[in-house]
Amino acid sequence: MAIRERGDDAGDPAAGVPEPAPPTAPTAPPEVVADVLRPGLLLTPARPANAFEETVQRLLQSIRLGLIGPGEQLPPERELAGMLEVSRDTLREAIASLGEAGWIVSRRGRYGGTFVSDELPSTSSSAPGAGGDPATRAIRLEDTLALRAVIEVGAARRAAESELAATDRERLWQAYEECRVATSAQYRMADSRLHLLIAEVLGAPSVIPLVADVRMRVNELLDGIPLLAPNIAHSDEQHRAIVGAILRGSPDEAASAMAEHLEGTEALLRGFFA
């Protein structure tokens, strides 16, 4: 069931911003559009010292953040090893390990290959640093929130300062729309894609893995609290403000809107975990 239906603000990206042609109103939540966020965005070279571990990390991030969704096929082995700059043996070990853990399945035959599992394993993350003492959990929570504020507020500001191509502007608005119409089951991944896309369009590749890492940490926390419909509606309004400010080229507004957005999430997480 969709969290909500809302059509009053669907066609106005931001005052004074040329709007991409609106898509036909969907009868069901739209599938992920491949060119909104590249599936291989996080499949970047692993460092040799921890090639296996970082290969597993990058594959898991791509799956858990929705860049490669359930049932979708991974790139061919040779291509994937080249993207990650690891040996095919290392890649096979990583894929085998994720297969044993239930994240990936291999299929043989004419239409075979390596696919993300149709049903992903559940993750247990009811609290930050589960199993530690309260003081340690509080430190880990605050560390995650501080890291997110530093990285994502700065990314929003820099994106608004950037000269964005027309395709990037359209991708940003489309990512916002996907969040706006997402079901409760789809929302976390749609939200993650929007935040990752903001990092991608600013044109600084080193920022992308930092945003991916902090999104993983935040999502683990959010998975431990209820998905609250009023909060989602509020988040969508904030997403619209963030994207609108970026499209208008207003760095201060983009940073302020992102900071306000993060503060709302921080309040919820502190309420449940602090």
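Trp-173 and Tyr-176 are both buried, with buried meaning under 20% relative accessible area for a 1.4 Å probe and protein chains only. The model is predicted; local features need pLDDT of at least 70, side-chain atom pairs count only at pLDDT 80 or more, and totals for chains, interfaces and linings use all residues. Residues are numbered from 1 along each chain as its sequence is written, and side-chain values use heavy atoms, without hydrogens or water.

Trp-173 and Tyr-176 are three residues apart in helix H5, so about one helical turn separates them. Helices are DSSP runs of H or I with at least four residues, strands are E runs of at least two, and both are numbered from the N terminus. One aromatic pair is found in a search of the whole structure. The ring centres of Trp-173 and Tyr-176 lie 4.7 Å apart and the planes meet at 45°, so the pair is tilted. Rings of Phe, Tyr and Trp (its six-membered ring) pair if their centres lie within 6.5 Å; planes under 30 degrees apart are stacked, over 60 edge-to-face, and the rest tilted.

Helix H5 (residues 166–181) packs with helix H8 (residues 229–248) at about 175°, the axes 10 Å apart. H5 is therefore roughly antiparallel to H8, a label for angles over 145 degrees. Axes are lines fitted to C-alpha atoms over the stretch in contact, and angles run from 0 to 180 degrees between N-to-C directions. Residues of H5 including Trp-173 and Tyr-176 meet residues of H8, among them His-239 and Val-243; contact means heavy atoms within 4.5 Å.

Overall, the protein has nine helices and two strands. Buried residues make up 43% of its 274 residues.

How values were computed
Angles under 35 degrees count as roughly parallel, over 145 as roughly antiparallel, 65 to 115 as roughly perpendicular and the rest as oblique. Buried means under 20% relative accessible area, exposed over 50%, partly exposed in between (1.4 Å probe, protein chains only).
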